[in-house]
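Load the model and keep the selection tool ready. This tour goes stop by stop.

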Amino acid sequence: MADLHAQSTVHVAANIKGLNNGKVTLAYELDDILSQDSALSRSDIFSKDILLNESVRCTLTNSINNQMRIFLMEKESSINITGDISKFFELKITGSKENDVLDKLKESLYAIPAKRPKVTGNAEQDKEARKKFAGKQQVLRDSVFEKFVKLNPNKVATAIAIFDQYVTYPNRVKASENYNLLSEEVKNSSYGKRIKTFIHANLNTSVGSNAIDFSLADADGELFSLKDFKNKYILLDFWASWCGPCRLENPNLIEVYMQYNSKGFTIIGLSMDSSKENWIKAVQQDGLIWKQLNDPKSTNGKTADRYGVKSLPANFLIDANGKIVARNLRGVALEEKLKELLK
């Protein structure tokens with residue numbers, strides 16, 4: 001938990017042409033808690049004081065056309081927002097050094113030359129050329145990024161940028177290298193902690209490790225955790241309705257479940273669907289009969305973070321003592337492992 005005594009006021013003032021007497025909402029998330037502050041404008045103008053204990057990514061939306069503008073709201077700052085309601089996503093933000101820093105990074109990344117290789121008509125040759133081009137682009141991006149982190153180790157914006165660049169698109173080596181350049185204060189920020197969780201997730205969920213507990217709700221809103229499935233072999237299955245390979249694997253999981261459930265095996269489905277409707281529909285369509293839980297934050301949720309899951313499908317086989325005995329077993333491989341364990 002963040003120290004409440006460290007809170008400070010952020011003053012947000014705006015003059016947005018066309019907003020008239022509309023309503024705006026400022027939404028931000030810290031330590032898995034979503035906060036929303038709203039304000040009513042008068043003749044295009046509004047102001048709002050917000051208590052923050054660290055700088056945070058904020059989404060500003062309006063009631064006129066429901067457009068949004070994302071920016072970094074800096075702790076202990078006075079932020080001014082100007083522009084036009086018709087180009088809400090282009091609103092000018094001043095007064096937040098954190099936001100300025102992130103804008104400069106974006107400008108540097110956009111400035112990287114990106115002349116794509118010409119198409120020759122030779123499929124293999126074109127594929128190889130695209131691969132080389134992508135590799136060179138990534139080297140350039142990594143170089144720009146490292147310079148940025150070294151120049152701005154004291155900014156929460158830098159931690160957010162590392163998360164976006166190397167956690168959302170997982171690269172533990174680069175995430176670790178850049179994380180190590182951050183100041184201790186930024187390492188202890190909300191995003192700094194999430195980067196650290198991602199870096200250590202592979203080790204913390206390796207074979208032989210104790211499975212990390214969690215708490216997620218089923219379709220009825222009832223919370224369940226690993227502790228509710230004692231003395232069983234459990235396949236913790238991360239999946240989603242939109243994941244094609246996950247859906248293709250479900251018939252195999254049903255077959256394995258029917259064969260080994262009576263011998264002490266079960267499955268816990270962890271859906272990464274943001275849409276409850278799509279999740280429930282997929283469960284019914286595929287005939288999944290084991291306990292289904294859901295994290296609407298998808299692979300950005302706390303459980304996926306702790307298990308290092310940034311792409312699907314993913315699963316972890318846990319023994320009756322709560323230790324991980326295998327990872328990412330599918331098809332015949334899962335059946336053979338259960339045959340070995342549940343003789």
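Which residues line the largest cavity? Select Asp237, Cys246, Glu249, Pro313, Asn315 and Arg330: these line the cavity. A cavity here is a set of points, on a 1 Å grid over the protein atoms alone, where a 1.4 Å probe fits but cannot get out; lining residues have an atom within 4 Å of a point. The model is predicted: local features need pLDDT of at least 70, and side-chain atom pairs count only at pLDDT 80 or more, while totals for chains, interfaces and linings use all residues. Residues are numbered from 1 along each chain as its sequence is written, and side-chain values use heavy atoms, with hydrogens and water left out.

**The cavity**

The search of the whole structure finds 1 cavity of 30 Å³ or more. The space in the largest cavity is about 30 Å³. A volume is the space filled by probe spheres set on the grid points, which are joined across faces, edges and corners. The lining holds 2 nonpolar, 1 polar and 3 charged residues. In this scheme Ala, Val, Leu, Ile, Met, Phe, Trp, Tyr, Cys and Pro are nonpolar, Asp, Glu, Lys and Arg are charged, and the others, Gly among them, are polar.

Stay on Pro313. The peptide bond from Leu312 to Pro313 is cis, with omega near 0°. Pro313 sits in the loop between α9 and β14.

**Whole chain**

Zoom out. The chain has 10 helices and 15 strands. Helices (H or I, at least four residues) and strands (E, at least two) are DSSP runs, numbered from the N terminus. The C-alpha trace spans about 70 × 55 × 40 Å along its principal axes. Of the 343 residues, 45% count as buried. Buried means under 20% relative accessible area, exposed over 50%, and partly exposed in between (1.4 Å probe, protein chains only).

**The largest nonpolar core**

Select Leu226, Leu236, Phe238, Phe265, Leu270 and Tyr307. These have the most contacts inside the largest nonpolar core, which has 44 residues. Such a core is a set of buried Ala, Val, Leu, Ile, Met, Phe, Trp, Tyr and Cys residues joined through side-chain atoms within 4.5 Å. Elements that each supply at least two of its residues include β11 (233–239), α7 (244–260), β12 (265–271) and α8 (276–286). β11 gives the most, with 6 residues.

Now centre on Phe265. Not counting residues up to four places away in sequence, Phe265 touches Tyr233, Ile234, Leu235, Val256, Tyr257, Tyr260, Leu317, Leu338 and Leu342. A contact means heavy atoms within 4.5 Å. A second, separate core of 26 residues includes Leu105, Leu109, Val149 and Ile199.

**Helix α8**

Select Trp279, Ala282, Val283 and Asp286, the buried residues of α8. Look down the axis of α8: these buried residues fall within an arc of 100°, so they line one face of the helix. The arc is that of the directions from the helix axis to the C-beta atoms. Turn to the other side, where Glu277, Gln284 and Gln285 are exposed. The buried residues of α8 pack against β9 (216–217), β11, α7, β12 and β13 (291–294). Gly287 follows α8, and its phi is positive, near 65°.

**The largest pocket**

Where is the centre of the largest pocket? Glu29, Asp31, Asp32, Ser190 and Arg194 lie nearest to it, among 24 lining residues. A pocket is an open set of grid points with protein on both sides within 12 Å along at least five of seven lines. About 780 Å³ of space lies in this pocket. The lining divides into 8 nonpolar, 5 polar and 11 charged residues. α6 gives the most to the lining, with 5 residues.

Click Asp32, in the loop between β2 and β3 (33–40). Asp32 is partly exposed, with a relative accessible area of 37%. Leaving aside neighbours within four places in sequence, Asp32 is in contact with Lys297 and Lys302. Asp32 and Lys302 are 270 residues apart in sequence, yet 7.5 Å apart in space, C-alpha to C-alpha.

**Two serines**

Finish with Ser43 and Ser298. Phi of Ser43 is near 55°, a positive value in a residue other than glycine. Ser43 is exposed, with a relative accessible area of 56%. For Ser298, phi is also positive, near 55°. Ser298 lies in the loop between β13 and α9, and is buried, at 16% relative accessible area.
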